[in-house]
Amino acid sequence: MHDIFSSSLSRIAPELYALGIKERDRLLNGINLIASENLPSLAVIEALTSFFSVKYAEGYPGKRYYSGCEFVDIVEETARNLAKEIFGLDHANVQPHSGAQANHAVFEAILNDGDTILALSLDQGGHLTHGHKVNFSGKRYNVVFYSVDKETQLINFDEVEYLAEKHKPKLIIAGSSAYSRVLEFDKFGEIARKVSAYLLADIAHYAGLIAGGHYPSPDSADFVTTTTHKTLRGPRGGLILCKGEFKEKIDRAVFPFLQGGPHMHTIFAKAICFKICQTEEFKRYTKTVIENARKLCSGLIRQGFKVVTGGTDCHMFLLDLTDLNITGKEAQDILERVGVFVNKNTIPYDPRPPAICSGIRLGTPFITSLGVEPEQMDIVAEILGDAILRRKNEEIISTKVRDFSKEVYKMCGIFDLYNR
Ligand SMILES: *Cc1c(COP(=O)(O)O)cnc(C)c1O
């Protein structure tokens with residue numbers, strides 16, 4: 001073996017290569033309902049393996065610290081322009097390595113230590129970076145949480161307004177990882193203007209649906225942050241958009257304050273992802289994602305499950321298991337054993353601690369990308385019913401799961417990438 005440099009992964013490290021194959025097969029033989037995961041298209045994966053991963057390009061287009069940036073400048077400029085077109089704000093920063101970094105940068109750009117943030121708490125559907133005590137955001141800032149209504153489980157805008165007037169936050173965050181209904185950005189915007197707070201819309205989960213025109217756009221926000229790998233179906237990464245007046249502050253917060261060299265291959269892949277977002281096919285995919293989620297939701301309700309808020313307007317929803325004598329953690333574990341992947345999730349006012357929970361979150365982006373259609377969702381609902389309600393023999397359910405995936409996944413060609 002003299003040619004390590006040009007040998008394939010399977011020759012260099014067969015045991016690690018085998019893990020990659022196992023992971024592919026896990027995804028292909030199971031039903032992945034994790035709402036934050038998705039399968040990027042082949043062009044995005046190709047972009048991720050491009051030679052742009054080599055390039056150091058600290059700075060921004062036209063203002064770099066390294067030579068040789070002719071092409072990365074065009075790539076980053078293209079990604080920024082496409083992002084602005086899609087989400088309709090004045091400025092885009094495509095360098096954040098992830099959604100958490102994007103939020104961190106917005107906070108750094110406009111907040112001082114001790115400033116007040118008003119956000120939805122993690123256990124009600126918010127995100128760690130929205131002021132949870134174990135996160136930097138909860139340590140550095142004074143965080144006040146709004147909540148959802150106990151009865152309707154919808155965001156309680158009377159409370160948002162009351163807390164905004166009482167605490168005069170500098171920043172209000174409209175965003176969630178588990179809220180299945182429409183986030184009323186207009187209402188948040190009105191309240192933010194009333195108390196002279198900035199509004200951040202964290203659309204990490206909904207970005208693809210917004211790009212596809214099937215979820216309201218956060219036009220009233222001063223800042224928009226998102227991941228690019230959830231419903232948007234791009235590479236793992238983050239994105240910030242903002243009004244023109246905040247351009248310099250945002251750019252300085254990302255680099256040099258928080259990050260070093262941008263991941264240019266990822267930015268290349270973000271540009272590809274944004275181009276795909278503008279196609280009719282992408283719009284159809286986002287419509288189907290929501291139809292699939294709604295169909296799954298109604299199928300589960302018919303089987304006797306309780307759904308938080310009673311339905312969904314997006315790609316995901318929460319099952320409330322409190323009446324079923326099973327915890328979220330137990331449900332997640334049972335489902336994993338039969339090849340169905342979900343995550344346990346607190347439901348609003350959950351009586352159990354977060355590590356156990358009383359809910360699971362279900363989402364349809366991944367299986368929709370694999371070609372699953374609404375008429376096939378009843379089978380998925382039945383499988384979940386067999387596993388959780390009827391506690392059927394695991395062998396039988398596993399077989400059903402494998403049959404389902406064999407029958408309906410149409411986009412498997414993408415997985416051939418790993419067969420080389
Ligand atoms: C996923 C998510 C993030 C964080 O994204 P990472 O890429 O995991 O850092 C931030 N905000 C919300 C609302 C999210 O759902």
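Two strands pair if DSSP finds at least two bridges between them. Strands here are DSSP runs of E with at least two residues, helices are runs of H or I with at least four, and both are numbered from the N terminus. By that rule, β7 (residues 171-175) and β8 (residues 198-202) are parallel partners over 5 bridges. L171 has Y198 of β8 as its bridge partner.

This is a predicted model, in which local features need pLDDT of at least 70, side-chain atom pairs count only at pLDDT 80 or more, and totals for chains, interfaces and linings use all residues. Residues are numbered from 1 along each chain as its sequence is written, and side-chain values use heavy atoms, with hydrogens and water left out.

Now widen the view. β7 and β8 belong to an open sheet of 7 strands, in the order β4-β10-β9-β8-β7-β5-β6. The pairing in this sheet is mixed. Its edges are β4 (91-93) and β6 (142-146), each of which pairs on one side only. From one strand to the next, the twist averages 20°. Axes for such angles are lines fitted to C-alpha atoms, for helices over the stretch in contact, and the angles run from 0 to 180 degrees between N-to-C directions.

A second open sheet has 4 strands, ordered β11-β12-β15-β14, with antiparallel pairing. β11 (306-307) and β14 are at the edges with a single partner strand each, so one side of each has no neighbour in the sheet. Inside the order, β12 (residues 316-320) and β15 (residues 359-363) pair over 5 bridges in the antiparallel sense. There, M316 stands opposite G363 of β15.

Next comes the ligand. Around it are 13 residues, and G99, A100, S177, D202 and K230 come nearest. A residue counts as near if one of its heavy atoms lies within 4 Å. A side-chain N or O atom of S177 is 2.7 Å from a ligand oxygen. For K230 the distance from such an atom to a ligand oxygen is 2.9 Å. A polar side-chain atom of S98 lies 3.2 Å from an oxygen atom of the ligand.

Notes
A polar contact is a pair of N or O atoms within 3.5 Å; within protein, one must be able to donate a hydrogen and the other to accept it, and residues adjacent in sequence count only if both atoms are side-chain atoms.
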